[in-house]
Structures are given as structure tokens and as C-alpha cells.
Amino acid sequence: MVGHRASLAGNLYQATFSPRPTFTVTPRDASQPAHDVTADVLFGADGIKSITRAAMLDELAADADPTTAATAAVAVKDTQQAAYRIMIHQDQVKHDAELRALLASNQVIRWIGHKRHIIAYPVSQHTLYNLSTTQPDSNFAAATNATYTTRGSKAAMREVFADFCPLVQRLLSYVPEGDVCEWKLRVHEPLPTWVLGSVALLGDACHPTLPHLAQGAAQAVEDGAVIAVVLARLPNTEPASVHRALKAYEQVRKTRAYALVEMAAASGRALHLGDGAAKAERDKQFAALRQGQGPVPDKWADADVQREIYGFDCIQEAEERFDEYFA
């Protein structure tokens, strides 16, 4: 069965969670009737706007205290930050030797300014140069909670970074006028659980992460890897066994994921300081680092942080501790 993700997500509010999850599918083709689907396990990987999460929290709240159900499903936190995501193709810079050299390199570059930064690096076998920015949110001030993106103006984008170096100005000049899109950066309050019956959340549905450590998608991949391990170890597909396996997944992943969510937020706070003593101290650390001394103020580049992020084997952890967590 192939369906559009919006069709699925838009109808999950009709789901029941146990003993086996059932939800109503409404085909995009209006001539086809809606029908129920029952599964051994259902994963809510429907992002920060997750309807699965909202339905799960409503059910949990209703079980505990019906008067709290309406507020439990809305726990999104506004970070007051926004981001531009930019891709520049090699053909666009073929006459610019300096930018061609950037595209051919293996360097990651971070430009940091007043409460703003840009990180950039080549991707797709050096055919694309990727830039990701973060800046104070000014375009979503009057937006509803449902609004996460807006079509942007190239002139407004360039004005945000007008005091950055000439190289940045040239890079931004190559962005086509119609390709400017700005994302509002939101996160979610930590959840009491990721699992209800035979339903589990993963990815941004349960641990949306600011982009300052490049761990948003990476942590969703860890979720998927651990889920594969615990489901492969199932003794049977009875709802009770599925639930215990999903709780094992949660035990492997939840503490680590939320630690990295907070670490990414802390990294953003350090990068986006305004004028003052904290910024002066951070800049002294950057200057000392150029001489090979002192701590790394950009935690994404810190060796200890990188070991914590990349030195953890989630598959090994799930395999070695499955019996303990499944018991």
C-alpha cells in the first residue's frame, strides 16, 4: 500500500492504540472508500507536528485526568530562532575560483556574528555547497503555531548577514531569488514516554533537536537502528511482547536523545551571544584556540563532544541490554 504521508498523518487522530493499533486511512482518491488498517506495531515518525504524539498524549492524559487532555497535546517550545537552508550548485560558481576551492575542499566553515551564524560544507560528492544559517526569528512573530516555513526575500536574507565577510556576501549572491525559504526553529518539551501499547514515537515526533550539533536526522537514524534490533529479538508478535520491546527501545534511546537535545541547545546559546562579558570570554577562547590552547567554544568541533556523539554504538547497546530491558 502506497499513501501520501499527509493523508496518513491527517487521519491518525482516528487511531486506537491497543491491544493492536488501528487507524483509518482516507485515500487521496476521493472515489475510494476510507478503510481501517490494523497493525502489530505502529510508529509515529510524523515530525514535530506529530499527530501521533498528540493522540498519544491525549489518551495518556485522559486516562489520568480528563481535564488535562486538551493541554497535554500542545507542548511545542518556540526558540525565537529561524534558519535559512541553502544549496549552491557547482555550475553556479564555475567562474569563481575561491568558491570553487571551497566546494573542492573537505572543510567545514562556521561564520559567527552577533546572535547569528552560518555553517557551510560541500555535499553530494562536492557538487553542492550547503549553507545552514541560524538567526533571530523576525519573520514569524505573528505566525500561528501551525506555521513553520515562509517564502523569503533574497534581499531580506542578505540584510540579515550584511555585516558578514565579503566571501559570505558572494555566496549569498548566488542564491536564486525564488529559492529563499526560512524555517522557524521549534523544539518540544521532553515527553513522559515514547510508547503507548504497540505504538512508539521516533525522530522529531519525540526529540526535535536544534541544528547546532547536526544531530537531528542522526538521532532519528539511531532510533530506527535500535527499533530494528528490538523487533528482531521479539519472541512473538503478541501485543504484550511488542510493548515490552518498544519499552526496551525507549530505554536505550530516551536519555541519550534528550541529552543531545540539551547539548545542541547549549551550543546554540554559546554561538549566539550578544555583546557582553560572556561573548568577550567566548571570543578569547576562539583566539586562544587558534594558538592551539584552551577549550573549544564551538561544541560541534570539540573532541570530547564528538566522542560522546560518535563513539556510542546504539546497536551494540540494544543487543547487549535487550534481555535486561525486555524482562
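1. β5 (residues 109-113) and β6 (residues 116-123) pair in the antiparallel sense over five bridges; pairing here takes at least two DSSP bridges between two strands. Strands are DSSP runs of E with at least two residues, helices are runs of H or I with at least four, and both are numbered from the N terminus. Two residues sit between β5 and β6, and Lys115 in this hairpin has a positive phi near 60°.

2. A word on the ground rules. This is a predicted model, with local features needing pLDDT of at least 70 and side-chain atom pairs counting only at pLDDT 80 or more, while totals for chains, interfaces and linings use all residues. Numbering runs from 1 along each chain as its sequence is written, and side-chain values use heavy atoms, with hydrogens and water left out.

3. Now the sheet itself. It is open, has six strands in the order β5-β6-β7-β4-β9-β8, and pairs antiparallel. From one strand to the next the twist averages 20°, taken between axes fitted as lines to C-alpha atoms (for helices over the stretch in contact), with angles from 0 to 180 degrees between N-to-C directions.

4. Follow the chain from β6 into β7 and you meet another hairpin, with four residues between the strands and a positive phi near 55° at Ser124. Seven bridges join β6 to β7 in an antiparallel run, and Val123 stands opposite Leu128 of β7. β4 is also joined to β7 by seven bridges, again antiparallel; there, Gln81 has Pro136 as its bridge partner in β7.

5. At the β8 end, β8 and β9 pair antiparallel over three bridges. Arg151 stands opposite Cys181 in β9.

6. How covered are these strands? Seven of the nine residues of β7 are buried, so β7 is largely enclosed by the rest of the structure. β5 is mostly covered too, with four of its five residues buried. Buried means under 20% relative accessible area, exposed means over 50%, and partly exposed lies in between (1.4 Å probe, protein chains only).

7. The second largest pocket has a volume of about 420 Å³. β4 (76-89), β7 (128-136), β9 (181-188) and α8 (239-271) each give two or more residues to its lining, and α8 has the largest share, with six. The lining has 21 residues, with Thr79, Gln81, Leu210, Ala265 and Arg269 nearest the centre. On a 1 Å grid over the protein atoms alone, a pocket is an open set of points with protein on both sides within 12 Å along at least five of seven lines, a cavity is a set where a 1.4 Å probe fits but cannot get out, and lining residues have an atom within 4 Å of a point. Points are joined across faces, edges and corners, and volume is the space filled by probe spheres set on them.

8. Finally, the count comes to one cavity of 30 Å³ or more. The largest cavity holds about 40 Å³ of space and is lined by Ile88, His89, Val93, Leu99, Leu102, Leu103, Tyr129 and Leu171. α4 gives the most to this lining, with three residues.
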